Amino acid sequence: MRHLFGILAAAVLVAVLVAPAALAQAADDGPALTAVDGLTFNDVVNENNLHKLRELGQTVFTTPFNTRDGLGDGPYDAGEFPNFLPGNRPTLQGPENQFLRVNGLDAQSCNECHVIVSHATSPPTLGIAGVGGVVNQAIILPTLIDVADSQDDRVTYVAGHVPDLPLNPDGVADFNGRFANPPFLFGGGGVEMLAKEMTAELQGLLQDALAATPGTVTPLVTKGVDFGYITTIALGEVEFSLEGVGPIEIDEDNPENNLIVTPFGRKGENFTMRDFDRGAMQFHFGMQPVEVVGFNNDGDGDGVVNEVTEAEMSVLHIFDVTNPPPVQAHRDAAEEHGSMLFNSIGCTDCHRPVLYTESRFLPLAHPEVPTDPSANVYKHIDLKKVGFKNHGSGVAVPLFSDLKHHDMGPRLAETFHNPVVRNEEFVTARLWGIADTAPYLHDGRAPTLWKAIEFHGGEAATQRASFLALSVADQKDLIAFLKTLRTPGIHPKAGVIESGDEIAWEQQ
Ligand code: HEC
Ligand code: HEC
């Protein structure tokens, strides 16, 4: 980190002589993140020791940032609107507090929330890049929480609030934000590779459709996942019929923006982990990445510039995508039967057991171009070295997801007032590692796997009904099968993927 304080060292020296406050500043603990000091983006590009880069990224992930690193937003600015966005947010009980908790400014390190590798062991297995419990959840952008479930008609519209919450005394503490449970980061490299290849293929299909004769219907199928179709209206003009991909409003002017596969975040809002991290840094810590606010620009006015450098974001991204993939235990007869049921009642329609990449070399880009994964690539990561198994020229990613958005029905719908992805839609949860990651669903509302399944609705209503119609013994077998899906390094019988759709696993 380069600091305004550091850059202005001479000025501080002068100030020390005249101002006691400046003396306290100069003598304080200093920034917490120093391991990446001096590292430039070019150094990252030229460094071939992946292990070293991953270690640096892990340091970024686990360091508890302080104000000298840039922790905290700048002073609250009443004139800024909307004033709930990162930059000049208010803080709790005093302007010198760095934290808000509801709506971010909620932690000092990434690992505070991504900390549980297995919740199925006793004691829980703690570690780096795991899931979080309910207490680690992010409370995203609420402007109104009716804690007492009141029917208070004084709660009317004021700037930044949304007036149309149904303030009924119905046992629901009305809330217009998002409440999100932290997923783990294991296997993220394989997921990112799948999404990039799918995006590239969809973009190619769009180009075909733009050049096709009017009336042509181009199905948007990639890796066997069906995202709808495009109809060619005239040369260079198309109409989208999208399924599970794209923004709420079709971008007519930039058709390529509608075909970006975004697997990250529970809603599926981010196209890479780095894309997610840019938001996480700002939301949780008030730390502003240079790639967002620009070099030497103190965007939040907290006296620190270059709070997260391009090199720091790059090594953090390398850490993200080199976390090992989850594993699967050898199955006994009951678990094998459960796996067959999972398939026969249609859970695999969305929870696709395995998707394959064409290449095993994940491209890392900076700056990233969402519609073109091949732009600005500075490095490739060999996913085989990360722990994925070869499949042809690529790898197998046994994720149990189709990376599509699905309508999950009214019971799971959120009440967020400004959604990017519809309130009732979520990206299909990846079930790999699920044995170890309670609580379940986007807001951790399901303490058990059975309850997580029972909460399904919307597009999954038929499969839910089929599950509930199974005998108790069959339901137990299906859940026993899900419990063979383990986080890396946990299960004594953990095996490795061989190949093929039937997912054969070796016993160790
Ligand atoms: C306050 C807790 C908290 C902190 C601190 C936190 N996260 Fe998260 N993380 C979450 C939650 C909650 C989600 C799910 C968010 C959503 O659904 O939009 C998440 C999701 C993610 C994802 C997407 C994973 C996926 O597979 O979809 C990544 C990547 C991630 N976090 C990285 C980070 C990094 C890097 C940091 C530090 C810069 C960080 N997180 C700090 C709670 C946290
Ligand atoms: C229409 C697509 C779809 C179908 C069909 C479907 N699911 Fe899901 N599943 C999802 C989505 C989307 C989520 C995430 C919902 C959320 O976070 O609120 C999910 C979440 C889950 C979870 C919790 C995951 C976690 O990490 O919290 C489990 C367990 C699960 N599904 C099992 C099943 C089983 C078993 C079946 C078959 C009976 C099934 N699903 C059928 C889309 C589907």
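Student: How are α5 and α9 oriented to each other, roughly parallel or roughly perpendicular?

Tutor: The model is predicted. In it, the axes of helix α5 (residues 50-62) and helix α9 (residues 310-321) come within 7 Å and cross at roughly 100°. Angles of 65 to 115 degrees count as roughly perpendicular, and α5 and α9 are therefore roughly perpendicular to each other. On the α5 side, the contact is made by L53, R54, L56, G57, Q58, V60 and F61, and these meet E312, V315, L316, I318 and F319 of α9. By class, the residues of this contact are eight nonpolar, two polar and two charged.

Helix α14 (residues 472-482) can be described by its burial. D477, L478, F481 and L482 are buried in this helix. Seen down the axis of α14, the buried residues fall within an arc of 145°, so they line one face of the helix. An α-helix has 3.6 residues a turn, so residues three or four places apart point the same way. V472 and A473, on the other side of α14, are exposed. The cover over the buried residues of α14 includes α10 (333-344), α12 (449-454) and β16 (485-486).

In total, 30 residues surround ligand 2, and the closest are C347, C350, Y440, H442 and A460. The shell around ligand 2 divides into 18 nonpolar, eight polar and four charged residues.

Note on methods. Residues are numbered from 1 along each chain as its sequence is written. Chains are lettered from A and ligands numbered from 1 in the order in which they are written. This is a predicted model: local features need pLDDT of at least 70, side-chain atom pairs count only at pLDDT 80 or more; totals for chains, interfaces and linings use all residues. A residue is buried if 20 or more other C-beta atoms lie within 10 Å of its own, exposed if 12 or fewer, and partly exposed in between; C-beta atoms are placed from the backbone. Helices (H or I, at least four residues) and strands (E, at least two) are DSSP runs, numbered from the N terminus. The arc is that of the directions from the helix axis to the C-beta atoms. Two residues are in contact if their C-beta atoms, placed from the backbone, lie within 7 Å. Axes are lines fitted to C-alpha atoms, for helices over the stretch in contact, and angles run from 0 to 180 degrees between N-to-C directions. Angles under 35 degrees count as roughly parallel, over 145 as roughly antiparallel, 65 to 115 as roughly perpendicular and the rest as oblique. Ala, Val, Leu, Ile, Met, Phe, Trp, Tyr, Cys and Pro count as nonpolar, Asp, Glu, Lys and Arg as charged, and the others, Gly among them, as polar. A residue is near a molecule or strand if its C-beta atom, placed from the backbone, lies within 6 Å of it.
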